Amino acid sequence: MSNPIEMKELNIPEDLPLLPVRDVVVYPYMILPLFVGRDKSIAAVDAALAHDRMIFLATQKDVAKEEPDTEDIYTVGTVAMIMRMLKLSDGRVKVLVQGMAKARLTSFVSEEPYLSVRLERLEEPRVDEMSLETEALMRMVRDQLSQLLQLGKSFPPEVSVVLENIEDPGSLADLIASNVGLKVVQAQELLEVVDPLERLRKVKDVLAKDLEVATVQNRIQSQAKEEMGKTQREYYLREQLRAIQAELGEADARAEDVAELRQKLEEAGLPDEAKAEAEKQLRRLETMHPEAAEYSMLRTYMDWLVELPWSHSSRDKLDLKKARKVLDEDHFNLEKVKERILEFLAVRKLKKDMKGPVLCFVGPPGVGKTSLGKSIARALGRQFVRISLGGVRDEAEVRGHRRTYVGALPGRVIQSMKQAGTSNPVFMLDELDKIGADFRGDPSAALLELLDPEQNHAFSDHYINLPFDLSKVLFIATANVMDPIPSALKDRLEVIRLVGYTTEEKQAIASRYLIPRQQQENGLKAKDIRFSDKATLKLITEYTLEAGLRNLEREIGSVCRKVARRFAEGRKQPVLVAENTVAGFLGPPRYLPEEELRESEIGVATGLAWTEVGGEILYVEVSTMKGKGDLTLTGHLGEVMKESAQAALSYARAHAVELGIDENFLEGTSVHVHVPAGAIPKDGPSAGVTMATALISALSGRRVNKDVAMTGEITLRGKVLPIGGLKEKVLAAVRANITTIIIPSRNTKDLEDIPPHLRKKVRFVAASTMDQVLEAALEAKE
């Protein structure tokens, strides 16, 4: 060790052994015991005891590090005097040290056999005169500490006595900082502040924060104590009340509740697993106080368990003739659906334990998907329940919330089963294609278990948390389109498509169902109003343009309301709604028949399109003009239709000579293709032949027959490719009084789905090449 140097008041050697300490920062004048266990640390203690008993105490930064490096130790620490040393039986050493003065580590002299460091003493500025600010600061710190002690802060009593007699601000700050339980980082920051007044100010800030926390903590404890006292008092009073009621012979409400639940449990017919869980929860409820927070939650859960139809089911009406009669009474046509229900009944008659099918009705709005579900329930003699899935984004809507949540309830499936009251209702899942998904989960994934006949015998709801048998349920889903439904869910569905109605079918439905229903809803008797067949036909063709029946029923209802008003005003004679009086009720026609709109024209072809609401007719207009040979496409066309237009132009250029068109027609000529109405987006793969026909008509000067509509896609070689949705397109053509429809040859197999009376109205031309399309669509050149 180097020779000692002269320092003020205390001679501190320039080099001292280093003892790294953990979880504590040692201040000057602080006396504390330390347990030393590391070999280097014990060697440092031995070295200090062998010389002048002085050792440098510095805190290590990482408490978990067993062998700290030179960078792991704070540079500012305290030179301490070892007052006592005791060797323990486990090899450790216990030393009692007293801090003497602050010092800064300037360099490491050696690292073996112990850490030896070179120091620089940190001299604090003297506070010779006690200014008003200093005195006020010291008094404020003492007051803060006194308030902390009153709020329950623990502080050594001997230190409190010393505090009253300290006149030095630096010593006051150090003494408080070493006894208020600061974190190591905070304590080290204070140790490194040399200026005593600045250090005292930081101590004041620390005490202010501790005082604020202690005040809030004390207030919380007071509130909790007060609430606890109130709860105990209420419990004592209730127990007295129970004793009084028992003396008076009055029944215990809790015992009545439990007895009622136990009786319902016996009658509910729960499966073994569910019954065991219910009895377990009932025993819990029996030992719980009615005012306990969990009592009402558990009581609600038990109510759900005993009220669900675990084993209660309705008997199916297995008379196929009566079932057919009910279906025919409620719905016109729809033969495929009726056949499927009768097949289900036939199998059910032969096999009592069959699983319920999962049907999916797909079709445009207003064709009777939802009402068909009600009719099926009536035909089977079952209860009918319906949930709408449109806009549902939370999986908990289907599966329910777990009981740990406040206000938790079962999902809509279990709620509907309770509403049905039987285990085998007809269960309709409406608007399946409009289900959503977000951060709360994917409801369609929860439906996978629900709609799988192999899994739904043990459907799990988060709230009930017990397997519930849904295998007897007849599920019916409805959708307008299949595209948005996930493929895994589609795989579980038996899809039955419902297309729009023909004019004849709408007339029959209006006379059988819509008119009588609107008469009843508007307070009219059958004799008060009568619709002629021509009036009904006019309503269908000139006031509605739809695949379904909603607007038709709306218009019939509008006529019935006007007639009801006449009777309310005193009319006595019945009203006949004839063809020439419809406009008086509803105003001028809203839709004109297509033949009144146009004649056969050059460059205008009629196409057929499929939409979510059924089939539509689509006009394609082509004009040629002087220009630079460019192709302009308008009408809000999608990418597929734009590519169809390009393909049609390429075909026309490649076959110009055969088509009677000038080979150089694009030189100095621009072509404009437009599809009205321009504000409606349009896309799809079935407009190719229509665009090619309109384009070739415009270039060759031949008119397109106004009574011909077409559908199909073309290739550059002129082949006509098959399309989908033929039935919907045929219905649209019939509504528009089209007499000839050109279809791809490979779609002739789909004509079996077209009702015979429709096939009689329309002539179908099967085309496999563009030449056959043009031959049927274009008129001879004048």
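1. Contact is taken here to mean heavy atoms within 4.5 Å, and helices (H or I, at least four residues) and strands (E, at least two) are DSSP runs, numbered from the N terminus. This is a predicted model, in which local features need pLDDT of at least 70 and side-chain atom pairs count only at pLDDT 80 or more, while totals for chains, interfaces and linings use all residues. Residues are numbered from 1 along each chain as its sequence is written, and side-chain values use heavy atoms, with hydrogens and water left out.

2. The axes of helix α2 (residues 132–150) and helix α4 (residues 169–177) come within 11 Å and cross at roughly 20 degrees; axes are lines fitted to C-alpha atoms, for helices over the stretch in contact, and angles run from 0 to 180 degrees between N-to-C directions. The two helices are therefore roughly parallel to each other, given that angles under 35 degrees count as roughly parallel, over 145 as roughly antiparallel, 65 to 115 as roughly perpendicular and the rest as oblique.

3. Helix α17 (residues 503–521) packs with helix α19 (residues 550–568) at an angle of about 45 degrees, their axes being 10 Å apart. That angle makes α17 oblique to α19, and α17 passes α19 in a right-handed crossing. From α17 the contact draws on K506, A510, L514, I515, R517, Q518 and Q519, and from α19 on L552, E553, I556, G557 and C560; these residues divide into six nonpolar, three polar and three charged.

4. An open sheet is formed by five strands in the order β8-β9-β12-β7-β13, with parallel pairing, where two strands pair if DSSP finds at least two bridges between them. The edge strands, each pairing on one side only, are β8 (384–388) and β13 (494–497), and the twist averages 20 degrees from one strand to the next.

5. Within this sheet, β8 pairs with strand β9 (residues 426–430) in the parallel sense over five bridges, and the bridge partner of I387 in β9 is L429. Helix α12 (residues 369–380) packs on the sheet, where it touches β7 (358–362), β8, β9 and β12 (474–479), and its direction makes about 175 degrees with that of β9.

Notes. A crossing is left-handed if the near helix is turned anticlockwise from the far one by less than a right angle, and right-handed if clockwise. Ala, Val, Leu, Ile, Met, Phe, Trp, Tyr, Cys and Pro count as nonpolar, Asp, Glu, Lys and Arg as charged, and the others, Gly among them, as polar.
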